[in-house]
Amino acid sequence: RPGSSGAEMEEAVAPGRDAPAPAASKPSGCGKHNSPERKVYMDYNATTPLEPEVIQAMTEAMWEAWGNPSSPYSAGRKAKDIINAARESLAKMIGGKPQDIIFTSGGTESNNLVIHSVVKHFHANQTSKGHTGGHHSPVKGAKPHFITSSVEHDSIRLPLEHLVEEQVAEVTFVPVSKVSGQAAVDDILAAVRPTTRLVTIMLANNETGIVMPVPEISQRLKALNQERVAAGLPPILVHTDAAQALGKQRVDVEDLGVDFLTVVGHKFYGPRIGALYVRGLGEFTPLYPMLFGGGQERNFRPGTENTPMIAGLGKAAELVTQNCEAYEAHMRDVRDYLEERLERVVLAQCRVLIASVGAACHSDHGDQPSPVLLSYGVPFDVARNALRLSVGRSTTRAEVDLVVQDLKQAVAQLEDQA
């Protein structure tokens, strides 16, 4: 699997930890292997359970930091300190600066915020310049142009399609290679226009695990941007949605060379909130708020901060920074073992396995196959029956054996019925 991340095959991750939660709520790690009640969770790309340390950090914040972070009394100052510490933890996890981190409700908001900001900045420059020279569109009435891949998450694809429908922007969806599964750097560069303002390419695909060549894309665009600036055109910004890579491999914004990076907490054992990294926020890279209110997050994302969730996100990031190499090595080992053991997969007849046919974000598409798999050239009938298995930090080889046996039994039952 050229360029695939260590945790994915089409795959995710499972818990099985001694978390302070009822045993029945654990996706795995409880009960005996021969127990009919035992379940093995392998849908970690959809979501991950909270680490016990994350739950503890959130609980402590609810007890001790219940105050408004903008208030001067003790509980408010405690909340502000927790938020600042979490911001530092997230920055350390991705190799960025704390002042370049904005907390959001999740990956969907972060991705929409980037796209929204690029459109706003494009029109702001047009309005302020009032002519056809300098850093703005060379054609009066032109629209900002976006470049993305054909296999992006819906929170990128759908906003861009909406902008096209509303005739607000133009978008090029670069197809991925049916051999490597990657969006080719040359194809992305070939799609560049004078009005191009953003290239947004996910770091790792949520259905296949293919890792995209984001560093190479950034390097090539950096060289191109020098030519554009010399010609009076604004530079092209680079965004990557790193939701499926964080906690599974090392992620560093300097190595990636990106201007924006999306963080999603519930993909690396944190709570269901997120963050957005913006290089040189407000100074080198533009960001425009979608919401207006009390001025929190330096007015870029106002609203009273959700301190407990932010505390949990900070703790989850801290754990990734401390243990990422061990996490990656374990998940790669279990994934490889799973691939070695897997034969044909049939989900409907399984009594033990908890997994997905396709991605969770396509759950409303009925019997339709994943558009991501179709983009890779997978035949319609094969894509419609594709099973996504994802392993996690606590998935064991014993659980893999249990799942493979379950799948064998499911196949045998179907063959008996045929």
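Let's start at Gly 270. Leaving aside its neighbours within four places in sequence, this glycine is in contact with Thr 48, Leu 50, Val 54, Gly 265 and Ala 316. Keep in mind that this is a predicted model.

Where does Gly 270 sit? It lies in the loop between β7, residues 260-264, and β8, residues 274-278. Is Gly 270 buried or exposed? It is buried, because its relative accessible area is 2% and the cut-off for buried is under 20%. Now look across to Gly 312. In sequence, Gly 270 and Gly 312 are 42 residues apart. In space, C-alpha to C-alpha, the two are 6.0 Å apart.

Next, the helices. Two packed helices are described by the angle between their axes and the distance between the axes. Take α1, residues 52-64, and α8. Their axes come within 8 Å and cross at roughly 150°. α1 and α8 are therefore roughly antiparallel to each other; the cut-off for that is over 145 degrees. The crossing of α1 past α8 is right-handed.

Which residues make that contact? From α1, they are Glu 53, Val 54, Ala 57, Met 58, Ala 61 and Met 62. From α8, the list includes Thr 307, Pro 308, Met 309, Gly 312 and Ala 316. Some names come back here. Val 54 and Ala 316 are also contacts of Gly 270.

Now α2, residues 74-94. This helix packs on α8 at an angle of about 35°, with the axes 8 Å apart. α2 passes α8 in a left-handed crossing. On the α2 side, the residues include Ile 82, Ile 83, Ala 86 and Leu 90. On the α8 side, among them are Ile 310, Leu 313, Gly 314, Ala 317 and Val 320. Thr 307 and Ala 311 of α8 meet α2, and both also take part in the contact with α1.

On to the core. The largest nonpolar core has 71 residues. Inside it, Ile 94, Met 212, Leu 261 and Phe 268 have the most contacts. Which helix gives this core its largest share? That is α8, residues 307-341, with 13 residues. The core also draws at least three residues from each of domain 1 (40-50 + 324-416) and domain 2 (98-128 + 139-301).

Zoom in on Ile 94. Leaving aside its neighbours within four places in sequence, Ile 94 is in contact with Ile 101, Leu 246, Val 251, Asp 252, Val 253, Leu 261 and Tyr 277.

Last item. A second, separate core has 20 residues. Ile 102, Leu 160, Phe 260 and Val 278 are among them.

Conventions
Residues are numbered from 1 along each chain as its sequence is written. This is a predicted model: local features need pLDDT of at least 70, side-chain atom pairs count only at pLDDT 80 or more; totals for chains, interfaces and linings use all residues. Side-chain values use heavy atoms; hydrogens and water are left out. A nonpolar core is a set of buried Ala, Val, Leu, Ile, Met, Phe, Trp, Tyr and Cys residues joined through side-chain atoms within 4.5 Å. Buried means under 20% relative accessible area, exposed over 50%, partly exposed in between (1.4 Å probe, protein chains only). Helices (H or I, at least four residues) and strands (E, at least two) are DSSP runs, numbered from the N terminus. Domain bounds come from an automatic or database domain assignment. Contact means heavy atoms within 4.5 Å. Axes are lines fitted to C-alpha atoms, for helices over the stretch in contact, and angles run from 0 to 180 degrees between N-to-C directions. Angles under 35 degrees count as roughly parallel, over 145 as roughly antiparallel, 65 to 115 as roughly perpendicular and the rest as oblique. A crossing is left-handed if the near helix is turned anticlockwise from the far one by less than a right angle, and right-handed if clockwise.
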